[in-house]
Amino acid sequence: ILIDGKNALELLKKSAAVETKEYKGLGEFVTTINGLAGDSENFWSFYVNGKQAQVGASAYITKSTDQIEWKYEKVGEYK
């Protein structure tokens, strides 16, 4: 369930065990969800209403009508 005015990272942290890494000027990036960590070949990406987000999860402010989806993807396989 999404709530207006929260960021996507806050909402993820309420429903999963999450680890992040802070990048100066870019914000927090999700590195691990429920024990599954990104590595040199895979990373966590999030989608808003079926499209890959263009900002970091800590910067995306949700609307109650959004559908947020997290995908574990291979590096270089942008959809």
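**Figure 1. The hairpin of strands E4 and E5 in the predicted model.** Two residues lie between the strands of this hairpin, and Asn49 takes a positive phi near 50°. E4 and E5 (residues 51-52) run antiparallel and are joined by two bridges. Val48 has Lys51 in E5 as its bridge partner.

**Figure 2. Pairing of E4 with strand E6.** E6 covers residues 68-74 and pairs with E4 in the antiparallel sense. Seven bridges connect the two strands. Within this pairing, Phe46 is placed opposite Trp70 of E6.

**Figure 3. The two faces of strand E4.** In a regular strand, side chains alternate between the two faces of the sheet. On one side of E4 are Asn42, Trp44, Phe46 and Val48, and on the other are Phe43, Ser45 and Tyr47. Both faces are covered, and the residues named on each are all buried. Since seven of the seven residues of E4 are buried, that is, under 20% relative accessible area, the strand is largely enclosed by the rest of the structure.

Figure 4. Strands E1 (18-23), E2 (27-33) and E4 (42-48) are the elements that give two or more residues to the lining. E4 provides the largest share, five residues. Sorted by class, the lining residues are twelve nonpolar, seven polar and three charged.

Conventions
Residues numbered from 1 in each chain as written. Predicted model: local features only at pLDDT ≥ 70, side-chain atom pairs only at ≥ 80, totals over all residues. Heavy atoms only, no water. Helix = DSSP H or I, 4+ residues; strand = E, 2+ residues; numbered from the N terminus. Nonpolar A, V, L, I, M, F, W, Y, C, P; charged D, E, K, R; others polar. Buried < 20%, exposed > 50% of the residue type's maximum accessible area, 1.4 Å probe, protein only. Pairing = 2+ DSSP bridges.
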